[in-house]
Amino acid sequence: MHQSKVTLDGESSSVPAARHFVAKVLASSGADDEVWAAAQVTTELAANAVVHAATAFVVRVHVDDDFVRIAVTDRKPLATAARRHFSIDSTTGRGLRLVASLSTSWGVETSDTTKTVWCEITRSTLTNDPSGSNDAAVTQLAGDTSRHEPSSEPRRGIWGQVA
């Protein structure tokens, strides 16, 4: 298990800094297969903190054998995080849909002074077969899609919050 965090300014230059931080944590934790998806959701969550909260924010990453959890906490609890409806011509409004599609689950937690938007990405279970064939693992994953559905049951998050 590996946990790391960084505090960044609420400026646009902090978005790539957040993405690079998460990629570095995942690479050092052996979670290379999850770097692409984690980078995408981190970009969205950090950009939302910069655009909608305009405050400094904290990026937390937790990596264990089963999942990667990314959480972005800003200091504007009243700026809600919700999937929005958008027109075909809209240039914004798709970020949390992307987060939802790339993660196993996601959510929002608020306090009097902060808002945390988090997501979890299930770790890859594909074996590293030297022959390059992961057919058995792919077949196993294709037959078991239940693990990729977000749970409707509340559960305790890794930082003690009810997720």
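Student: In which hand does H1 pass H2, left or right?
Tutor: In this predicted model, the crossing of H1 past H2 is right-handed.

Student: Which residues make that contact?
Tutor: H1 contributes Val 15, Ala 18, Arg 19, Val 22, Ala 23, Leu 26 and Ala 27. From H2 come Val 35, Ala 38, Ala 39, Thr 42, Thr 43, Ala 46, Ala 47 and Val 50.

Student: And how do they divide by class?
Tutor: The contact of H1 with H2 comprises 12 nonpolar, 2 polar and 1 charged residues.

Student: What about the geometry of the H1 and H2 axes?
Tutor: The axes of H1 (residues 14–28) and H2 cross at roughly 150° and come within 8 Å. H1 and H2 are therefore roughly antiparallel to each other, as angles over 145 degrees count as such.

Student: Moving on to H3, how does H2 pack with it?
Tutor: H2 (residues 35–53) packs with H3 (residues 95–102) at about 150°, and their axes are 9 Å apart. That angle makes H2 roughly antiparallel to H3. The crossing of H2 past H3 is left-handed.

Student: Which residues are involved there?
Tutor: On H2 they are Trp 36, Ala 37, Gln 40, Val 41, Glu 44, Leu 45 and Asn 48, and on H3 Gly 95, Leu 96, Leu 98, Val 99 and Leu 102. By class, the contact of H2 with H3 has 8 nonpolar, 3 polar and 1 charged residues.

Student: New topic: how many aromatic pairs does the structure hold?
Tutor: It holds 0 aromatic pairs.

Student: What sits over the ring of Trp 118?
Tutor: The charged end of Arg 69 does, 4.4 Å from the centre of that ring.

Technical notes
Residues numbered from 1 in each chain as written. Predicted model: local features only at pLDDT ≥ 70, side-chain atom pairs only at ≥ 80, totals over all residues. Heavy atoms only, no water. Axes fitted to C-alpha atoms, helices over the stretch in contact; angles between N-to-C directions. Helix = DSSP H or I, 4+ residues; strand = E, 2+ residues; numbered from the N terminus. Parallel < 35°, antiparallel > 145°, perpendicular 65-115°, else oblique. Left-handed = near helix turned anticlockwise from the far one by under 90°. Contact = heavy atoms within 4.5 Å. Nonpolar A, V, L, I, M, F, W, Y, C, P; charged D, E, K, R; others polar. Phe/Tyr/Trp six-rings, centres within 6.5 Å; stacked < 30°, edge-to-face > 60°. Lys NZ or Arg CZ within 6 Å of the ring centre and 35° of its normal.
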